[in-house]
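Below are some notes for a colleague who will be looking at the two ligand sites and at one of the chains. Please read them beside the model.

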Amino acid sequence: MATSTSATKPVKPGRQKPAGTLYRGREGMWSWVMHRISGVLIFFFLFVHVLDTATVRISPEVYDAVIGQYKNPVMGLGEAGLVGAVVFHALNGIRIILVDFWSGGTKHQRKLFWGVVALWVVLMVPFLVRHLTNVFTH
Amino acid sequence: MSDQAPGASYAPALETPRSPYRRSKATRTNWELYGWLFMRMSGLALVVLVFGHLFVNLMTGDGIHQVDWGFVAGKWSSPFWQVWDLLMLWLAQLHGTNGVRTVINDYAERDATRFWLKMALYLATTIVIVVGTLVIFTFDPCADPNSMLEICRAAGSTVPTITN
Ligand code: HEM
Ligand code: HEM
């Protein structure tokens with residue numbers, strides 16, 4: 001009978017914390033939360049964005065006044081945040097697609113998530129340097 | 001559920017282990033499957049469309065400071081950018097709508113709330129797609145009399161453009 005229970009590891013006393021009742025998944029859950037928040041954020045931006053772009057049909061003066069609102073430093077930071085959300089959502093979307101269609105996807109999903117984070121940094125650093133320079137030195 | 005008799009059977013009947021897999025006949029269409037596929041296909045297209053959009057509008061020239069009416073006229077006098085923006089508009093809006101529909105289904109528990117939130121969502125979607133499409137097709141890059149664009153200078157404004 002001793003061998004039949006050997007599959008379960010012996011519990012070291014004192015090493016086990018109570019699990020708690022709140023689900024705290026790791027990379028998998030956080031990427032899902034961030035994907036959802038970024039997607040909804042971009043959705044609301046797109047709604048406003050198509051309407052502000054529509055003012056090109058009113059007159060050049062009206063459009064220039066509306067788009068001029070996007071050029072102050074506060075909005076400049078907002079644009080940086082928007083682009084950060086878009087880049088994350090896009091890269092993480094590719095990760096989701098890989099997990100779904102690539103046979104190694106589920107096995108490597110955690111590594112893929114950190115790949116998303118790394119690529120995000122690689123894309124955002126040059127973007128921020130260029131964009132924030134444009135915003136603050138004009 | 002309080003009116004259910006104690007001891008009544010709530011669990012679905014267990015199949016015998018070897019019974020063949022039967023595809024559920026609960027729905028007649030593959031709608032959710034197509035939605036799932038669409039999210040992935042449109043997502044891949046949007047990577048190119050949106051990244052290209054952001055790069056051209058924010059990273060070239062003076063970045064955000066170059067964007068004004070003349071900048072838009074320059075882009076939309078070319079069928080290339082008209083098609084680009086039209087695809088981006090439709091794919092981003094439909095992808096976003098399907099995504100937000102999922103979010104509403106997840107969080108709005110009352111039937112009536114869910115229904116009205118989705119009606120508002122579909123109304124917003126219709127407005128964005130109709131307005132956005134009309135804007136691309138009715139835009140006149142020569143509406144500014146001081147336009148310096150090639151197509152606007154030649155022989156007044158009688159030269160046919162893609163928009164008239
Ligand atoms: C801060 C960042 C952004 C700036 C400065 C910007 C700027 C512009 C400008 C100047 C136009 C006019 C046409 C053109 O340039 O092609 C435009 C149109 C458009 N943009 Fe953006 N954009 C930004 C972000 C985005 C994002 C993240 C999306 C996608 C989710 C997007 C989707 C669109 C669409 C669909 C149109 C066409 C609108 C229509 O059909 O009337 N833009 N944008
Ligand atoms: C840039 C390229 C993009 C890629 C690669 C991408 C990819 C994806 C993928 C793979 C999903 C998951 C679908 C599922 O779980 O079945 C998704 C969900 C979603 N996307 Fe995108 N997407 C992109 C752009 C956008 C844009 C522009 C918007 C907004 C207009 C958006 C809004 C959403 C929303 C709201 C969800 C639902 C999130 C959830 O259910 O938690 N996405 N996206």
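1. Of the 164 residues of chain B, 37% count as buried, where buried means under 20% relative accessible area, exposed over 50% and partly exposed in between, computed with a 1.4 Å probe on protein chains only. This is a predicted model, in which local features need pLDDT of at least 70 and side-chain atom pairs count only at pLDDT 80 or more, while totals for chains, interfaces and linings use all residues. Residues are numbered from 1 along each chain as its sequence is written, chains are lettered from A and ligands numbered from 1 in the order in which they are written, and side-chain values use heavy atoms, with hydrogens and water left out.

2. Chain B has five helices and zero strands, giving the pattern α-α-α-α-α along the sequence; helices (H or I, at least four residues) and strands (E, at least two) are DSSP runs, numbered from the N terminus. Among the contacts in chain B with a separation of 6 or more, 62% join residues 24 or more positions apart, a contact being heavy atoms within 4.5 Å.

3. Ideal angles for six octahedral donors are 90 or 180 degrees.

4. Ligand 1 is surrounded by residues from chains A and B, so the site is shared between chains. The shell divides into 15 nonpolar, five polar and three charged residues (Ala, Val, Leu, Ile, Met, Phe, Trp, Tyr, Cys and Pro count as nonpolar, Asp, Glu, Lys and Arg as charged, and the others, Gly among them, as polar). Helix 1 of chain A gives the most to this shell, with five residues.

5. For polar side-chain atoms, B:H53 has one 2.8 Å from a nitrogen atom of ligand 1, and B:D85 has one 2.5 Å from an oxygen atom of ligand 1.

How values were computed
A residue is near a molecule or strand if one of its heavy atoms lies within 4 Å of it. A polar contact is a pair of N or O atoms within 3.5 Å; within protein, one must be able to donate a hydrogen and the other to accept it, and residues adjacent in sequence count only if both atoms are side-chain atoms.
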